[in-house]
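Q: I am new to this structure and would like a close look at a single part of it. Please describe that part in plain words, together with what surrounds it.

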Amino acid sequence: MSSVTTIWRERRQVARTRRALDKALTRTSSPAMRDELLTMANSGFLGR
């Protein structure tokens, strides 16, 4: 059974990753790079 602290840390990490991805998507210079980032995120490469 996971402790409350562990669950909280996991949720915070997911939120940080999501914010980093959103920031990266807004800074992309091309649609191809945006597609690559989304593909990596959906495959789990960026860590969920």
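The part to look at is helix H2, residues 31-43.

A: This is a predicted model, in which local features need pLDDT of at least 70 and side-chain atom pairs count only at pLDDT 80 or more, while totals for chains, interfaces and linings use all residues. Residues are numbered from 1 along each chain as its sequence is written, and side-chain values use heavy atoms, without hydrogens or water.

The setting comes before the part itself. Along the principal axes, its C-alpha atoms fill a box of roughly 45 × 20 × 5 Å. Of the 48 residues in the chain, 12% are buried (under 20% relative accessible area; exposed is over 50%, partly exposed in between; 1.4 Å probe, protein chains only).

Helix H2 is made of 13 residues, residues 31-43. After H2 comes Gly44, which has a positive phi, near 90°.

The other helix is H1, residues 4-27. H1 has 24 residues, and its span of 35 Å is close to the 34 Å expected at 1.5 Å a residue. In H1, Ala15, Thr17, Leu21 and Leu25 are buried. The buried residues of H1 pack against H2.

How do the two helices lie? The axes of H1 and H2 (lines fitted to C-alpha atoms over the stretch in contact, with angles from 0 to 180 degrees between N-to-C directions) come within 9 Å and cross at roughly 165°. H1 and H2 are therefore roughly antiparallel to each other (an angle over 145 degrees).

On the H2 side of the contact (heavy atoms within 4.5 Å) are Arg34, Leu37, Leu38 and Ala41, and on the H1 side Leu21, Ala24 and Leu25. The residues of this contact divide into six nonpolar, no polar and one charged (here Ala and Leu count as nonpolar, Arg as charged).

Leu38 lies in H2, and it takes part in the contact with H1. Leu38 counts as partly exposed because its relative accessibility is 29%. Ile7 in H1 also counts as partly exposed, because its relative accessibility is 33%. Ile7 and Leu38 are 31 residues apart along the chain, and 25 Å separates their C-alpha atoms. Between Arg9 and Leu38, 29 residues apart in sequence, the C-alpha to C-alpha distance is 24 Å.

How values were computed. Helix = DSSP H or I, 4+ residues; strand = E, 2+ residues; numbered from the N terminus. Expected span 1.5 Å × (residues − 1). Parallel < 35°, antiparallel > 145°, perpendicular 65-115°, else oblique.
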